[in-house]
Amino acid sequence: MRRSIIAGNWKLNNTEKEAVALVTALRNVFIDLTELDIVVCPVFTAIPVVHDVLFESNIAVGAQDLYWEDSGAFTGEVSAPLLKELGVKYVIVGHSERRQLFGETNQTVNKKICAALRYGLTPIVCVGEVLQEREGNKTFDTIETQCKESLAGLTAEEIKKIIIAYEPVWAIGTGKTATPQQAQEVHQFIRRWLVKMYQDKVAMTIRIQYGGSVKPENIAELMAQPDIDGALVGGASLKADTFIQIVRNSSGILK
Ligand code: PGA
């Protein structure tokens with residue numbers, strides 16, 4: 001049985017004050033909602049205040065990135081033990097913006113996943129094709145390479161602890177969502193790849209989120225697909241009412 005998971009990726013948005021207002025609204029609404037996992041991923045500097053507001057709530061805190069070394073001469077970086085110390089439970093790794101704007105590669109993603117797992121953080125590992133790859137019928141090749149290289153060397157026990165987020169790059173922040181069928185097709189491809197690498201029993205437990213212009217209006221249809229286990233929500237997670245509606249419209253679905 002896979003528990004649904006809805007995560008909000010706030011990206012570079014929300015001051016401490018705005019973050020507190022947002023999570024206060026979410027906390028109060030979701031106080032009795034226990035049937036799915038809810039996560040918010042603020043900027044690093046807002047993590048402590050967000051964690052305080054969410055203390056003993058059923059909303060977990062995630063980070064948007066991490067560095068693979070624990071400490072040392074790595075100016076500007078934040079490591080897994082430091083996130084752990086702040087009460088962080090999840091960390092997004094290899095988001096397409098990090099891949100495109102900050103030179104993230106499958107190899108650095110792999111190191112980051114290993115660092116997160118060493119400290120008991122759940123990595124949300126992002127994969128996804130760009131428009132040119134989709135139009136050139138290269139989607140499955142791209143996804144397979146990203147999975148193979150980003151997840152290289154992970155044991156079955158380790159892979160069970162990660163979440164994969166399929167985020168077609170052409171759908172991120174564009175308002176252009178993949179159709180439920182397009183998304184399901186890639187989710188199923190990823191699950192079959194996991195079956196090939198790790199066998200059925202393991203592959204069936206791994207949660208695969210969809211991300212890319214998720215809104216209250218399209219979440220239910222996406223979540224109704226057999227291999228879609230949740231969503232990574234960008235823009236629509238910045239407003240309490242839309243995020244609340246997304247969670248509401250996706251709850252009650254266990255796979
Ligand atoms: P979006 O972003 O929902 O604004 O498209 C999704 C993401 O980047 O994770």
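**Entry 1: the shell around the ligand**

I sorted the residues of the shell around the ligand by type. Four are nonpolar, seven are polar and two are charged. I keep in mind that this is a predicted model.

Next I asked which residues come nearest to the ligand. Of the 13 residues around the ligand, I noted K11, H95, E167, G173 and S213 as the nearest.

I then looked at the oxygen atoms of the ligand. What lies 2.7 Å from a ligand oxygen atom at G173? I found a backbone N or O atom of G173 there. A backbone N or O atom of S213 lies 2.7 Å from an oxygen atom of the ligand. A polar backbone atom of G235 is 2.8 Å from a ligand oxygen atom.

How much of the ligand does the protein bury? Taken alone, the ligand exposes 280 Å². The protein buries 95% of that area.

**Entry 2: the pocket**

I looked up the space that the ligand takes. I noted that this space is the second largest pocket.

**Entry 3: the whole chain**

I stepped back to the protein chain. I listed its secondary structure as twelve helices and eight strands.

Along its principal axes, the trace spans about 45 × 45 × 35 Å.

Methods:
Residues are numbered from 1 along each chain as its sequence is written. This is a predicted model: local features need pLDDT of at least 70, side-chain atom pairs count only at pLDDT 80 or more; totals for chains, interfaces and linings use all residues. Side-chain values use heavy atoms; hydrogens and water are left out. A residue is near a molecule or strand if one of its heavy atoms lies within 4 Å of it. A polar contact is a pair of N or O atoms within 3.5 Å; within protein, one must be able to donate a hydrogen and the other to accept it, and residues adjacent in sequence count only if both atoms are side-chain atoms. Accessible areas come from the Shrake-Rupley method with a 1.4 Å probe; for residues, only the protein chains shown count as cover. On a 1 Å grid over the protein atoms alone, a cavity is a set of points where a 1.4 Å probe fits but cannot get out, and a pocket is an open set with protein on both sides within 12 Å along at least five of seven lines; lining residues have an atom within 4 Å of a point. A molecule sits in a cavity or pocket if more than half of its atoms lie within 2 Å of its grid points. Ala, Val, Leu, Ile, Met, Phe, Trp, Tyr, Cys and Pro count as nonpolar, Asp, Glu, Lys and Arg as charged, and the others, Gly among them, as polar. Helices (H or I, at least four residues) and strands (E, at least two) are DSSP runs, numbered from the N terminus.
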